[in-house]
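Here is a short report on one helix and on the aromatic rings of a protein chain. Look at the structure first, then read on.

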Amino acid sequence: VALTINVSAASDIPSTLVTRALDETNSIWRAVGVEFVWRRGPGPYAPAALTVVIGHDLRPVREGALALGWIYFDASTPGQRLYISYANVLQLMRESAGVTGPQDRMPIFEREVLMARAIGRALAHELGHYFLASKEHTKKGLMKAHRTAVEFFGPDERPFKLDGEQRSLITARLAQEAVVVSR
């Protein structure tokens, strides 16, 4: 299944970082059989089900954790806009020098790779809320609520896998949407 998603990033966020973040998201979702076509730019956009915005908006710390991304729901229906906070990812990285190493000595490339990894994983999680049409979190896997810096910035993406039940729900929902779109 291929889905087109509009992507808009703040002008000061490097496009190479955005590309790496979208590649990270693709890597996580490819295991479920979902491919994304990312339509990038400032808009206006051709119609697409979703728009992802990567910017500097902040959300307060909730339950002891920075919100790296969010999606708004109308009652039980997920909205069409996902937001990823570059500013909160940067803050998490600053607070995680014990995991990532000191940023003041880090090459730009390395910092960008780590930031993109966290942004891509946060985006994959928010897409999970959209596809599952649920605000619920799980104890492990992609929909786990609270993450460590090691999970966000580390090389191992296994903690971001969907479980079998989630895969089935998403596959069924995407198949249903594909039928509706093809009519």
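## Helix H1

Helix H1 covers residues 15-30, 16 residues in total. From first C-alpha to last, H1 reaches 22 Å, close to the 22 Å expected at 1.5 Å a residue. That expected span is 1.5 Å times one less than the number of residues. Helices are DSSP runs of H or I with at least four residues, numbered from the N terminus.

Several H1 residues are buried, among them Leu 17, Val 18, Ala 21 and Trp 29. Buried means under 20% relative accessible area, with a 1.4 Å probe and protein chains only.

## About the model

This is a predicted model: local features need pLDDT of at least 70, side-chain atom pairs need 80 or more, and totals for chains, interfaces and linings use all residues. Residues are numbered from 1 along each chain as its sequence is written, and side-chain values use heavy atoms, without hydrogens and water.

## Aromatic pairs

The whole structure holds seven aromatic pairs. Rings of Phe, Tyr and Trp (its six-membered ring) pair if their centres lie within 6.5 Å; planes under 30 degrees apart are stacked, over 60 edge-to-face, the rest tilted.

Trp 29 and Phe 131 pair edge-to-face, at 5.1 Å centre to centre and 70° between the planes. Trp 29 lies in helix H1 and Phe 131 in helix H4 (residues 108-132), 102 residues apart. Trp 29 is buried at 0% relative accessible area, and Phe 131 is buried at 2%. The ring centres of Phe 152 and Phe 160 are 6.0 Å apart with planes at 45°, so this pair is tilted. Both Phe 152 and Phe 160 are buried.

Key: Helix = DSSP H or I, 4+ residues; strand = E, 2+ residues; numbered from the N terminus. Buried < 20%, exposed > 50% of the residue type's maximum accessible area, 1.4 Å probe, protein only.
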